[in-house]
Amino acid sequence: EKAQITVFFKPPTSEDSVLSLKKELESRPEIENVKYVSQDDALKIYLGQHQNDPTLLESVSSNILPASLEIKTKKLGSLDNLSADLRKRSDVDEVVFFKDVVETFGKWAFILRAGGLTLVILMLLVSLLVVLLAVGVSVKIRADEIEIMRLIGATDLQVSAPFLWQGVLYGFVSSIISFLLLAVILAVLYPMAKFVVSSLPL
């Protein structure tokens with residue numbers, strides 16, 4: 001949810017020039033959001049961050065703080081090229097892009113997505129096998145009953161209905177148990193995950 005690239009402009013750069021670049025960036029398909037921070041806005045942010053330290057507030061005015069653009073892209077892979085393009089501009093003073101942090105975050109996000117997808121597929125397969133085995137055993141045990149139902153003219157639906165309902169019931173109960181187990185696991189893991197990313201301003 002945070003800006004991935006922050007572009008600071010040299011003091012002589014006019015507001016119209018910055019807003020023109022903002023409009024140009026917003027038209028690019030890889031850009032998700034661009035926020036303009038004026039010199040006055042930058043002063044308010046600075047005063048808010050250092051309100052408990054009067055020595056840092058002496059002789060500070062909006063004129064010495066640069067205007068900036070805070071940029072978010074739709075994909076992390078677009079950040080490298082975008083930051084390189086912005087650094088080439090003559091009116092840009094500095095481009096803040098924490099490449100290592102973004103790349104590390106991207107790797108962890110990929111690992112978590114891949115792990116989550118693998119876990120979901122594994123659980124689906126296990127659930128399917130458990131239900132099939134349970135219903136299969138039930139069919140085997142009631143083989144004589146099924147044969148008698150066939151002899152007295154029962155239809156396929158009448159024979160299979162009890163087993164279908166049994167499968168639905170097993171699936172429903174197992175999904176509730178799985179949900180409760182996952183809720184407990186997430187409750188335990190959340191503080192650990194929070195500790196791992198505590199260094200990032202999330």
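## A tour from pocket to helix

Start at the second largest pocket, which has a volume of about 310 Å³. The model is predicted, so local features need pLDDT of at least 70 and side-chain atom pairs count only at pLDDT 80 or more, while totals for chains, interfaces and linings use all residues. Residues are numbered from 1 along each chain as its sequence is written, and side-chain values use heavy atoms, with hydrogens and water left out.

**Stop 1: the pocket lining**

Select T6, F8, V37, A42, I45, Y46, Q49, L65, P66, S68 and E70, which line this second largest pocket. A pocket here is an open set of points on a 1 Å grid over the protein atoms alone, where a 1.4 Å probe fits, with protein on both sides within 12 Å along at least five of seven lines; lining residues have an atom within 4 Å of a point. Grid points are joined across faces, edges and corners, and the volume is the space filled by probe spheres set on the points.

Now colour by element. β1, α2 (39-49) and β3 each give two or more residues to the lining of the second largest pocket. Which element gives the most? That is α2, with four residues.

**Stop 2: the whole chain**

Zoom out. The protein has six helices and four strands. These are DSSP runs, numbered from the N terminus: helices are H or I with at least four residues, strands are E with at least two. Along the sequence the pattern reads β-α-β-α-β-α-β-α-α-α. Of the 202 residues, 21% count as buried. Buried means under 20% relative accessible area, exposed over 50%, and partly exposed in between, using a 1.4 Å probe and protein chains only.

**Stop 3: the sheet**

Select the four strands. They form an open, antiparallel sheet in the order β2-β3-β1-β4. Two strands pair if DSSP finds at least two bridges between them. β2 (31-37) and β4 (92-96) stand at the edges with a single partner strand each, so one side of each has no neighbour in the sheet. Neighbouring strands are turned by 20 degrees against each other on average, direction ignored.

Go to β3 next. Five of its six residues are buried, so β3 is largely enclosed by the rest of the structure. Six bridges pair β2 with β3 in the antiparallel sense. Four bridges join β3 to β1, again antiparallel. Click I71 in β3: this residue is the bridge partner of V34 and also of I5.

Move to β1 (residues 5-9). Its antiparallel pairing with β4 has four bridges. F8 stands opposite E94 in β4.

**Stop 4: the helix across the sheet**

Show α3 (residues 79-87). This helix lies across β1, β2, β3 (68-73) and β4, at about 5 degrees to β1. Axes are lines fitted to C-alpha atoms, for helices over the stretch in contact, and angles run from 0 to 180 degrees between N-to-C directions. Contact means heavy atoms within 4.5 Å.

**Stop 5: along α4**

Select F105, found in helix α4. Its relative accessible area is 46%, so F105 is partly exposed.

Finish at S127, in the same helix α4 (residues 99-141). S127 is partly exposed at 34%. Its side chain reaches the backbone oxygen of M123 at 2.8 Å.

Terms used. Polar contact = N/O pair within 3.5 Å; in protein donor to acceptor, adjacent residues only side chain to side chain.
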